[in-house]
Amino acid sequence: MSEIESWQDKLIRSLDKTQNDPVSRFFQLATVDRDGRPNIRTVVCRRFNSNAESIDIITDLRSEKCRQLESNINASICWYFAATREQYRLGCSAKIFHQYIEVTKIKHYWDKLPNKNRLHFFGAPPGQRLTSKDVLVVSNTDLPPPNFAVIRFRIHAAEYLNVSELPHVRILYKLDNHHWQAKPVVA
Ligand SMILES: Cc1cc2nc3c(=O)[nH]c(=O)nc-3n(C[C@H](O)[C@H](O)[C@H](O)COP(=O)(O)O)c2cc1C
C-alpha cells in the first residue's frame with residue numbers, strides 16, 4: 001500500500017487514545033434478516049486482532065443476530081470514537097463460535113466475564129415474552145452455558161472518516177488480491 005497509513009494502524013491508535021473510556025468499545029453492528037431488511041444494534045468489542053483483521057464480540061447464540069448471521073454471514077460495523085471524532089465503517093463476514101465448535105475460544109472470553117454478566121446467559125432466550133416464571137436460579141457459573149457464543153468478524157473493506165478538522169479526511173480501503181489498497185476520497 002502507498003504511504004497512507006493503514007486502517008489497522010489507525011484503529012489501533014484510536015483504541016489506544018480512548019483506552020480509559022469504556023464507551024469507546026461500543027460499536028453498531030448491522031446484519032440483514034431473511035427478508036433483506038437491515039437490523040442494527042450496539043455491541044462491545046472484546047478484541048481487535050489487527051494481524052488477523054478481525055473483531056470478536058460475545059453474544060447469546062439464541063439471539064436474533066445469530067439467526068440472521070447463520071443465514072447471511074455479511075455484516076457491517078460502524079464505530080465512532082467521540083473523543084477523536086473518528087468513524088470506521090467496516091465490511092465483514094461473520095463466523096459464530098460456540099461450545100460445540102470451539103470450547104477453548106469460548107472459555108477464554110467466559111473466564112474474563114464478571115459473574116454478574118455471566119448470569120445474563122442463564123436466563124430465558126432473548127426476545128422471549130417476559131413471564132413471572134422467569135426467576136433466575138444459578139448455582140455454578142464456572143462453565144459457560146451452551147448458548148454463550150463468540151462472533152468473529154473478518155474485515156474485508158474499511159472506510160475511515162475523521163471530522164476533527166477541516167477539511168475532513170475520508171479514506172476508502174479495499175482488499176485487492178490480498179493487499180489493502182487505500183483511496184482518499186471527498187468526505
Ligand atoms: C452499551 C450496549 C452494549 C451491548 N453489548 C452487547 C454485546 O456485546 N453483545 C450482545 O449480544 N448484545 C449487546 N448489547 C445488546 C444489543 O444491542 C441487542 O439489544 C441484543 O444483542 C439483541 O439484539 P438482536 O435481537 O438483534 O440479536 C448491548 C447493548 C448496549 C446498549
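Leaving aside neighbours within four places in sequence, A75 is in contact with L29, A30, T31, L69, C92, A94 and F153 (contact: C-beta atoms, placed from the backbone, within 7 Å). The model is predicted: local features need pLDDT of at least 70, side-chain atom pairs count only at pLDDT 80 or more, and totals for chains, interfaces and linings use all residues. Residues are numbered from 1 along each chain as its sequence is written.

**Nonpolar core**
- The largest nonpolar core has 28 residues, and A75, I77, Y88, C92, I151, F153 and A158 have the most contacts inside it.
- Such a core is a set of buried Ala, Val, Leu, Ile, Met, Phe, Trp, Tyr and Cys residues joined through C-beta atoms within 7 Å; buried means that 20 or more other C-beta atoms lie within 10 Å of a residue's own.
- Two or more core residues come from each of α1 (7-17), β4 (54-60), β5 (74-81), β6 (86-98), α3 (103-112) and β7 (148-162) (DSSP runs: helices H or I, at least four residues; strands E, at least two; numbered from the N terminus).
- β7 gives the most to this core, with eight residues.

**Ligand shell**
- The ligand is surrounded by 15 residues, the closest being R41, T59, S63, E64 and K65 (C-beta atom, placed from the backbone, within 6 Å of the ligand).
- β2 (38-44), β4 and α2 (64-71) each give two or more residues to this shell, and β2 gives the most, with five.

**Annotated domain**
- An unreviewed UniProt entry annotates residues 5-96 as "domain: Pyridoxamine 5'-phosphate oxidase Alr4036 family FMN-binding"; such annotations may be inferred rather than shown by experiment.
- Over residues 5-96 the chain is 21% helix and 47% strand, with the end C-alpha atoms 30 Å apart.

Notes. A residue is buried if 20 or more other C-beta atoms lie within 10 Å of its own, exposed if 12 or fewer, and partly exposed in between; C-beta atoms are placed from the backbone. Two residues are in contact if their C-beta atoms, placed from the backbone, lie within 7 Å.
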